[in-house]
Amino acid sequence: MFMVLRRYYATRPGAAAEMLTRVRELFVPVVSQVPGFVEYFAVDAGQGQLLFVTVCRDRAGAEASIREAAAFVKREKLTLIINGGPEIIEGEVAFHQAARTD
């Protein structure tokens, strides 16, 4: 599995909530169609900081998610509500533990 973390900073009060809404409604349906997509997380880290995590089965899916995110930001003109480009961290998942559901 591969993970991509993108960190953005909102430019004004209310912009983080606006971006979260737009990502949930407009981007998640797109990124979830990337080949190898596993899951997606959006985190409001406070003070205008937003973290978005995409998990994919392979590097190709992770890289496709980065391209889709960049296209989404451009298409939706999100540069008007975020401060600069995102910080992007990507890599192979070294290990993973989930809670048991049994």
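Is F27 buried or exposed in this structure? F27 is buried, with a relative accessible area of 2%, where buried denotes under 20% relative accessible area, exposed over 50% and partly exposed the range in between (1.4 Å probe, protein chains only). The model is predicted, so that local features require pLDDT of at least 70 and side-chain atom pairs count only at pLDDT 80 or more, whereas totals for chains, interfaces and linings use all residues. Residues are numbered from 1 along each chain as its sequence is written, and side-chain values use heavy atoms, with hydrogens and water left out.

Residues up to four places away in sequence being excluded, F27 touches R6, R22, Y40, S65, E68, A69 and F72; contact here means heavy atoms within 4.5 Å. A search of the whole structure returned four aromatic pairs. Rings of Phe, Tyr and Trp (its six-membered ring) pair if their centres lie within 6.5 Å, and planes under 30 degrees apart count as stacked, over 60 as edge-to-face and the rest as tilted. F27 and F72 form a tilted pair, at 5.2 Å centre to centre with 40 degrees between the planes. This pair links distant parts of the chain, F27 lying in helix α1 and F72 in helix α2, 45 residues apart. F72 is likewise buried, with a relative accessible area of 3%. Y40 and F52 form a stacked pair, with 6.3 Å between centres and 25 degrees between the planes. Because Y40 lies in strand β2 and F52 in strand β3, the pair ties together parts that are twelve residues apart in sequence. Both Y40 and F52 are buried. Ring pairs join Y8, F27, Y40, F52 and F72 into a cluster.

The largest nonpolar core comprises 21 residues, and those with the most contacts inside it are Y8, M19, V23, F27, Y40 and F52. Such a core is a set of buried Ala, Val, Leu, Ile, Met, Phe, Trp, Tyr and Cys residues joined through side-chain atoms within 4.5 Å. At least two residues of this core come from each of α1, β2 (37–46), β3 and α2, and α1 gives the most, with seven residues.

Helices (H or I, at least four residues) and strands (E, at least two) are DSSP runs, numbered from the N terminus. At 1.5 Å a residue, the 17 residues of helix α2 (residues 59–75) should span 24 Å, which agrees with the 24 Å between its end C-alpha atoms; the expected span is 1.5 Å times one less than the number of residues. In α2, G61, A62, A64, S65, I66, A69, F72 and V73 are buried. Their cover includes β1 (2–9), α1 (15–31), β3 (49–56) and β4 (87–92).
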